[in-house]
Amino acid sequence: MSAILEIHDVDKHFDISGSFLDQLQLSKGKITRKRTVVKAVNNVTLDIQPGETLSIVGESGCGKSTLARTVMGLYKPNKGTISYRGDRIDHLNSVKMLPYRTKMQMVFQDPYASLNPRMNVRQILEEPVRFHNPDLSRSEIKARVSEVMLQVGVDPVWASNYPHEFSGGQRQRISIARALVVDPEFIAADEPIAALDVSIQAQILNLLMDAQEQRGLTYLFISHDLSVVEHISTRVAVMYLGCICELATAKELFSNPKHPYTQALLSAIPRLGGKIGGHVRLSGDVPTPINLPSGCAFSGRCPHVNERCMQEIPAQLKLESGSVVACHGIEEGRI
Amino acid sequence: MRTRWQRFKQSYMLYNFLRDPVAITSFIILAFLVFTSFAAPIIAPHDPYDSSTIDIMDAQMAPAWIDGGSSEFLLGTDAQGRDMLSTMLYGMRVSILIGVGAVCLQAFIGIIVGLLSGYVRRLDNILMRFADVQLSFSTYMVAIFIGAIVQTMFGVAGYDRVAVPLLIVIIGLAEWPQYARTVRASVLAERKKEYVEAARVIGLSRIRIMLRHILPNTLSPVLVISTVQVANAIMSEAALSFLGLGMPITKPSLGSLITAGFEYIFSGSWWITIFPGILLVSLILVINLLGDWVRDFLNPKLYKG
Amino acid sequence: METLIDIKNLRVDFALRSGTVRAVRDVSLSINKGERLGIVGESGAGKSVLGFSIINLISKPGKITDGEIIFKGHDISKYSYDQMRKIRGNRISMIFQDPMMTLNPVLTIGTQMMETVLAHMDVSKKEAEKICLEKLTKVYIPSPEKRLSQYPHEFSGGMRQRIVIAISLLTSPNLIIADEPTTALDVTIQAEIMDLLLELCKTENMGLILITHDLAVVSEVTQRIAVLYAGKVVELGLSEQIINNPQHPYTQGLIQALPQMAGGKKRLNQIPGMMPSLLDMPKGCPFEPRCTICIERCKQEIPILKELESGTQVACFMRNGANKR
Ligand SMILES: Nc1ncnc2c1ncn2[C@@H]1O[C@H](COP(=O)(O)OP(=O)(O)OP(=O)(O)O)[C@@H](O)[C@H]1O
Ligand SMILES: Nc1ncnc2c1ncn2[C@@H]1O[C@H](COP(=O)(O)OP(=O)(O)OP(=O)(O)O)[C@@H](O)[C@H]1O
Ligand SMILES: [Mg+2]
Ligand SMILES: [Mg+2]
């Protein structure tokens, strides 16, 4: 089976040092130029198989959204390649990218910010169809939009209403409809349920899973709700400070987490009717992606840290179970 | 499914407006002033631009209710014998025309510059520094400079013809950075929102995203400053006229009427200055009051002063 | 057990132009000394308004229109602003979702903490500082002496929330109201904060009202849970009872909708529809439009809370025998 999307050794850094004058700094009587770089994504290698749901979990600020946006071509990676069904797409200009835009779509987190408040639902949904299929007639476009609206559970009667007239869950349905309306194969969903109510989350998740079944979609699913991730994913990648520390099938990861960070993360999930206090306590603070540790990104908080972890960045190690872990401790058999 | 009109009737804007007596009063007065000024050729009793109907013998006649007044000239006449009421109506039309025209020009330049500098990061520095330079010249310096050149180029007679477009250009050029800054600020806020990213994921071109997605969402602050700017532009024009750089006395605006009457105020003909003055003040006042309401309604935090 | 705070038939209304929003309707709750109560419900159910109304901090168009809040024998819902200020932050503290709502970004942590102590207690500056250090140690802030002179932005989100907790502990309150204290934080930090809150409640014998929309979190921390729906308490009982044996169809739906309850199926058990707008409430039971077991009577009458044999109180005609005719 060949991957639908291959991400190879991708780095994404943001230069936040501002204009030239802001970068100049006076130190020890000398003026030097200093740059501040946020290393949001570092050396990420991933492949996404057709029809699967690959989830990315990790703490806030670990680079999940940045990775998804880089995959979608919203950011250009600083290093590495991204290929869609074998074709490199990371360096394409916006015109060459167009054919891939109908194949890859994205659903965003904030249902309030992701719909243009000045456009009504019909305009929002018709725009992508018309843009990618200029020769469709009005009625064909309309039919296509109505069909997708029905599929996501928004009555086409509401097409002339504006986003602010809908609830958060309905807006998220419209967002999903906008992604589906160009008939994509791959959807990156960046925390699509994080802003929704508990009783609505299940509706949206069901909608996403139904759409996957009907259209054979592949998902890159980002969430920090681990129980949701466990339920809907085929495979899960755990990110920490821009690096992938563990990648395994959902079953394997949740039943047998290898990486110390994964273990800490899983132990912290609140369990219905459980008792608090059993979680792995991490010492230290989350470092910022501006000053990355020189060795393993997790070395500052890891309970199993040794000298080597502080010096050397761990390589991705493929285990027998098929999962991939980046940890010196596991490589050396210490953990 | 509702029509636009139904939407408008149910909108919060109308409700808020109807609850605000100041806004309603201002709106009614403004509508009345604008209507009468543009209907001046029909409703004004005399035509001040037609020199054949003007009789110098009628000069400086007092308003009708004062001794020496004539019922033919309700608010008296000016130093050239023109009917004050008609001249003021025509003058207000010129003032409003210049004010609105200048603001359209400002908005046009300002919105384009603001959009570009907000959305195309590379242009940002250059355009904004350019705006700073522009702002550091005062309107009057620009006006004195251009006005003097044009007056010598065209002569006094020719200047009459180009005065209105010239003033529009002068005032328009002087104040566009206001718009550019406002639009840029809201473009910077909007471009981070996810709907813009969604538009990029669809593959729309930058220009289309700018015009179709970002621009409509930056228009509220533009509307807010527009009301204030119209009032400012009318005031600028009046001030320029007062300095002798604005509308010539043959085609007076409210400002040049005030100036013209100023010489006679001590000879007892106060009405030549006072009536246009009152009209100008009320016009500016109602525009500003209405502007306040628009500002409070659209965004209580956005633009103060 | 001594009752700490007793809320009786509380009603909070927001008079808006489009009508009256009844954010809290006839809510009666009581908390014993040292007891931990969880309030769950979806967004807009009135959880925050309920929390705010206890300390009389409802924002403008909102007003307590009926009911009483008995705290130490006095009805504090009728207190004036000044009277309330003595209680707020002294006997009852509140922790918000966004720590920056409590912290002033331009003052150091030390200044802010000392201010609180000096305002509420009659102590010298030296002693005040000692109290601050003691509380910072309690919330596990490392090297608290150095931290006192730092500004809020120098801390991470989790640390800030811990500092807010330290501030709310300064005056040894009897009750802490925590309004979604960890919603903005990561799971690992959430677990730490919850752990900390739980420990503090136990050691200091404080009451806790934990407001959240996460059933799993409350089930871990609190002894009793009140489920709020459209401004009404629809179910109230011991945490184990509510989690293992929910009675109200809404609570059942919430629990069944959790991914771990899907029972091997791919599809989750969703509750259809959404909460009605508080402006446009159905005449009968607020959950009736989404309910799968409703009867004709649910459309006409609002069910009231009745206690079942298990001790759980539930507002549903189909569940409590007392409500059945
Ligand atoms: N456009 C940008 N410019 C500068 N820095 C950025 C930009 N986008 C993201 N970052 C930084 O990159 C890091 C990763 O951010 P990202 O949004 O990918 O995190 P995330 O994992 O999605 O977090 P969350 O769970 O909060 O959404 C953060 O430290 C963030 O501050
Ligand atoms: N200042 C206000 N003006 C008008 N209505 C308000 C105001 N504050 C709250 N409300 C209304 O009261 C209701 C309850 O709001 P509340 O903030 O308590 O919800 P919540 O349960 O805390 O939700 P969330 O989980 O989103 O915090 C809402 O429907 C809201 O419309
Ligand atoms: Mg993100
Ligand atoms: Mg709330």
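This is a predicted model: local features need pLDDT of at least 70, side-chain atom pairs count only at pLDDT 80 or more; totals for chains, interfaces and linings use all residues.
Local features required pLDDT of at least 70 and side-chain atom pairs pLDDT 80 or more, whereas totals for chains, interfaces and linings use all residues; side-chain values use heavy atoms, without hydrogens and water. Residues are numbered from 1 along each chain as its sequence is written, with chains lettered from A and ligands numbered from 1 in the order in which they are written.

Ligand 2 is surrounded by 16 residues. A residue counts as near if one of its heavy atoms lies within 4 Å of the ligand. The closest are Ser43(C), Gly44(C), Lys47(C), Ser48(C) and Val49(C). By class, the shell holds eight nonpolar, five polar and three charged residues. Here Ala, Val, Leu, Ile, Met, Phe, Trp, Tyr, Cys and Pro count as nonpolar, Asp, Glu, Lys and Arg as charged, and the others, Gly among them, as polar. At least two shell residues each come from strand 1 (3-16), strand 2 (19-32) and helix 1 (47-54) of chain C. Helix 1 of chain C gives the most, with three residues. Helices (H or I, at least four residues) and strands (E, at least two) are DSSP runs, numbered from the N terminus.

Oxygen atoms of ligand 2 are approached by both backbone and side chain. A polar side-chain atom of Lys47(C) lies 2.8 Å from one such oxygen atom. Backbone N or O atoms lie 3.1 Å from a ligand oxygen for Gly46(C) and 3.3 Å for Ala45(C). Taken alone, ligand 2 exposes 630 Å², and the protein buries 67% of that. Accessible areas come from the Shrake-Rupley method with a 1.4 Å probe.

At the interface, 42 residues of chain C are in contact (heavy atoms within 4.5 Å) with 35 residues of chain A. The two chains bury about 3300 Å² between them, 58% of it on carbon and sulfur atoms. Buried area is the accessible area (1.4 Å probe) that two parts lose on being put together, summed over both. In chain C, Thr188(C), Glu220(C) and Lys266(C) lose the most area to chain A, together 19% of what that side buries.

Two salt bridges link chain C and chain A (a side-chain nitrogen of Lys or Arg within 4 Å of a carboxyl oxygen of Asp or Glu). One of them pairs Arg267(C) with Asp210(A), the closest N and O atoms being 2.4 Å apart. Helix 7 (187-204), helix 8 (215-221) and helix 10 (249-256) of chain C each give two or more residues to the side that touches chain A. Helix 7 of chain C supplies the largest share, nine residues. That side of chain C divides into 22 nonpolar, 10 polar and 10 charged residues.

Notes. A polar contact is a pair of N or O atoms within 3.5 Å; within protein, one must be able to donate a hydrogen and the other to accept it, and residues adjacent in sequence count only if both atoms are side-chain atoms.
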